Amino acid sequence: MPDVRRRDLIAASFALGTWFFGADSAFARSGKKPASPAIKKQKKLVPKPKLIVLDPGHGGKDPGALGLRGTQEKRVVIKVAYDLRRQLQAGGRYRVVLTRADDTFIPLRERVARAEDAKADLFLSIHADSHPDSDVRGASVYTLSEEASDREAEALAARENDSGGSGLRLSRHSDTVAKMLVAMSQRGTVNDSRRFADTIVETFGRSGVRLLPHSHREAGFAVLTSPDIPAALVELGYLSNRFDEKLLTVPQHQAALGRALRASVDAYFAAASATRKA
Ligand SMILES: [Zn+2]
């Protein structure tokens, strides 16, 4: 990455950091008495909130998939991201950063860089798909892999990697994905990502969210390439199917998807801490 771009990212991450820690700094400046040792001890027992980066796909000049009735993917996915952010923040166990908080176009590499600079504990990219066969419907979840699990997943990764006409083709540079995957497996990121994806599939199944067959698939998604951050990409359904398109625009369904995704994040971290304790 050229120096100038790196500097921009560092500046962006500094801005994010100020946003995160602004409240604490304000507290420090407020002149309140320092906490007593007992309070300090108590604070230590409270686990540090996990940082979740939510990545609503597309935005700005890139509408993403288009529905039969003209629904734009970028509008649906940001609503679900807002819902999920609200639900995650409500319990106080998570801090949440969105890679885009409004209708702005953000290149894929910058989304990855934002998650890395924020030192995310978990990354979830949120999308909705379209299919030439209008009968195809249901949600699916994807993780990074050098070899796609099937042709449809490969085609989907190519479509998503082309966000904003970037023409990013990871399959042509599979060396990059291969190297990334070596680093990711050494650090346990590959397993954690798969576990997170499987957790989403299970939670969707339990919550009555309709799923595609073989609901967890793999391919070379550019947005899932942070070596240290477990990451998955969820396709919430197909805008090319009239039932899915209708559902995805209904606020109650968007909130239900948010609830199921929050439960997935909870289950993912609960399993991780159970493994550590065992
Ligand atoms: Zn998409």
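Mentor: H4 is mostly covered, with 7 of its 10 residues buried. Buried means 20 or more other C-beta atoms within 10 Å of the residue's own, exposed means 12 or fewer, and partly exposed is in between, with C-beta atoms placed from the backbone. Helices (H or I, at least four residues) and strands (E, at least two) are DSSP runs, numbered from the N terminus.

Trainee: Which residues in H4 are buried?

Mentor: Leu108, Arg111, Val112, Ala113, Arg114, Ala115 and Asp117.

Trainee: What follows H4?

Mentor: Lys119, with a positive phi near 55 degrees.

Trainee: Before I go on, how far do I trust this?

Mentor: This is a predicted model, where local features need pLDDT of at least 70 and side-chain atom pairs count only at pLDDT 80 or more, while totals for chains, interfaces and linings use all residues. Residues are numbered from 1 along each chain as its sequence is written. pLDDT is the predictor's confidence in each residue, from 0 to 100. The chain averages 84, and 79% of the residues score at least 70.

Trainee: Where does pLDDT stay under 50?

Mentor: Over residues 1-32, which have 12 contacts beyond four places in sequence in the model. A contact is two C-beta atoms, placed from the backbone, within 7 Å. Where pLDDT is low, the predicted coordinates should not be read in detail.

Trainee: Back to the helix. What about Thr99, buried or exposed?

Mentor: Thr99 counts as buried because 26 C-beta neighbours lie inside 10 Å. Thr99 sits in the loop between strand S2 (94-98) and H4 (108-117).

Trainee: What is Thr99 in contact with, beyond four places in sequence?

Mentor: Val53, Asp55, Ile106, Arg111, Arg114 and Ala115. Thr99 and Arg114 are 15 residues apart in sequence, with their C-alpha atoms 6.7 Å apart.
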